[in-house]
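Work through these exercises with the sequence and the model side by side. Try each task before reading its solution.

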Amino acid sequence: MIRIKFYGAAGTVTGSMHLVQLPDMKFLVDAGYFQGTYEDRNGQSLEELKDVPYLFLTHAHLDHVGRLPILVRDGFRGTIITHRATWALARYILEDAYNVMEEDEKLYTMKDLRNTFRLPVKLVQYDHEYSIGDLKFRVRDAGHILGSAFFEFEYRGRRFTFSGDLGNEGKPIVRDPTMPSKTDVLIVESTYGNREHRPFEESAEELREAIFSTLDKGKVLIPSFALERAQEILYVFKEWEEQNKWKKGWRVILDSPLAARILTEYLNFPECYDRETFEKFIRSNPMQPRSLTITMSRGASRRLNSIEKGISIIAGSGMLTGGRSIHHLRHMIENPDNAIIFVGYQAKGTLGRKLVDGEQKVWINDRFYDVNLKIYTINGFSSHAGRDTLLRWIDHADPDSVIIVHGEDEEREALEEGILDRKKRNTARPLLEEELEL
Ligand SMILES: [Zn+2]
């Protein structure tokens with residue numbers, strides 16, 4: 001008998017955490033942080049999970065690793081099982097999450113964080129087979145961000161697969177997601193369960209047009225996740241330079257110390273690149289355009305406020321929930337010569353989502369601001385598989401049962417419909433903290 005309890009990613013795109021209970025062992029898949037919806041649950045006690053001996057991490061995004069120090073705070077001392085790139089990147093993500101929490105709102109201490117990185121770790125490789133007792137598992141490339149994985153488990157003849165987050169096809173840097181093997185039960189994400197992305201090339205062209213039409217008179221803000229998205233955007237800027245499309249004097253500013261550190265870390269994992277990125281990497285860093293300036297200090301970041309045109313600022317956070325993107329937005333938002341370009345998912349309840357939804361006035365920090373700057377939303381940069389890819393990927397795994405997680409309700413329902421249109425399968429859309437028997 002296999003049971004799964006959903007501690008997150010049920011009815012939301014964040015906070016992914018699943019407890020798998022087998023007759024003779026248990027383990028967790030991910031320990032993600034809630035962002036936007038359910039955020040107030042992040043600090044909740046996880047003491048009931050302290051004796052779980054293993055935690056599989058699919059990838060280093062905060063909504064998959066962010067509650068790990070909280071597990072540690074509550075006594076967890078299990079072994080982490082993950083790809084080495086994920087473990088390297090998780091350190092940056094968790095340290096940053098700790099640093100951005102206000103002193104009186106910290107959910108765990110520095111000691112908890114240090115203890116997190118003293119946990120025993122088993123680093124695993126793509127396509128290798130491993131086992132713990134009767135549990136066998138394989139780690140496959142999810143093509144979502146550097147080091148991202150999905151896990152194929154087999155326990156006493158029963159197969160079950162956790163998709164983690166699946167990647168979008170045709171993206172630079174990472175490879176396309178690997179197609180899964182046949183499984184009995186599939187636990188699958190559904191972030192874009194109801195829609196397709198535009199192809200990446202078209203989206204890059206859209207981005208180019210939005211930027212090029214702004215920089216002569218104004219400046220551009222690109223709120224970006226520090227991990228993967230920022231590096232990908234830089235990759236595209238570098239391509240424009242190589243194709244002689246970039247105008248002399250324009251600059252791209254990476255105003256995110258976190259993204260800058262991750263950029264350096266990315267150079268340590270060329271084995272995770274797709275072929276094109278690898279070939280470029282042999283000649284030079286494919287994510288470092290010549291016109292790039294990296295601003296590490298707060299002072300350097302603030303000085304960007306006095307520059308009125310010709311710069312594109314890449315800054316966190318990606319959904320405008322904090323970080324340097326907020327102070328840039330306050331300076332730029334009331335000037336129609338400026339533009340903000342969203343290249344990532346904007347979760348419900350975030351400032352980013354409000355702008356995307358067309359609100360005319362928004363509250364930032366201490367007052368309302370008129371939204372006068374141009375707003376672009378470009379969805380082809382998403383690192384999540386679109387609906388077609390998800391459905392094809394599910395067909396490939398050909399499960400008897402599909403458990404749909406990691407999507408808002410509308411997306412989960414739409415994906416469920418798509419699955420059932422193609423073939424009769426059992427489906428479930430569990431609620432938060434619900435338990436299911438496989
Ligand atoms: Zn992710």
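**Exercise 1: the nonpolar cores**

The largest nonpolar core has 78 residues, and L68, L207, I211 and I222 have the most contacts inside it. Such a core is a set of buried Ala, Val, Leu, Ile, Met, Phe, Trp, Tyr and Cys residues joined through side-chain atoms within 4.5 Å. Buried means under 20% relative accessible area, exposed over 50%, and partly exposed in between (1.4 Å probe, protein chains only). The model is predicted: local features need pLDDT of at least 70, side-chain atom pairs count only at pLDDT 80 or more, and totals for chains, interfaces and linings use all residues. Residues are numbered from 1 along each chain as its sequence is written, and side-chain values use heavy atoms, with hydrogens and water left out.

Task: find which helix gives the most to this core.

Solution. 
- Step 1. Helix α3 (residues 84–100) gives the most, with ten residues. Helices (H or I, at least four residues) and strands (E, at least two) are DSSP runs, numbered from the N terminus.
- Step 2. A second, separate core has 29 residues, including V124, F151, F153 and I187.
- Step 3. List the contacts of I222, leaving aside neighbours within four places in sequence: L207, I211, I233, F237, I313, I314, A315, I341 and V343. Contact means heavy atoms within 4.5 Å.

**Exercise 2: I404**

Task: is I404 buried or exposed?

Solution. 
- Step 1. I404 is found in strand β20 (residues 401–404).
- Step 2. Its relative accessible area is 0%, so I404 is buried.
- Step 3. Beyond four places in sequence, I404 touches V188, S190, R412, L415, E416, I419, A428, R429 and P430.

**Exercise 3: backbone geometry**

Task: which bond is cis, and which loop holds S317?

Solution. 
- Step 1. Recall the background: most residues other than glycine have a negative phi, and most peptide bonds are trans.
- Step 2. The bond joining G316 and S317 is cis, with omega about 0°. S317 lies in the loop between β15 and α10.
- Step 3. E228 has a positive phi of about 80° although it is not a glycine. This residue lies in the loop between β12 and α6. At 0% relative accessibility, E228 counts as buried.
- Step 4. E433 also has a positive phi, about 65°. Its loop runs between β21 and β22. At 39% relative accessible area, E433 is partly exposed.
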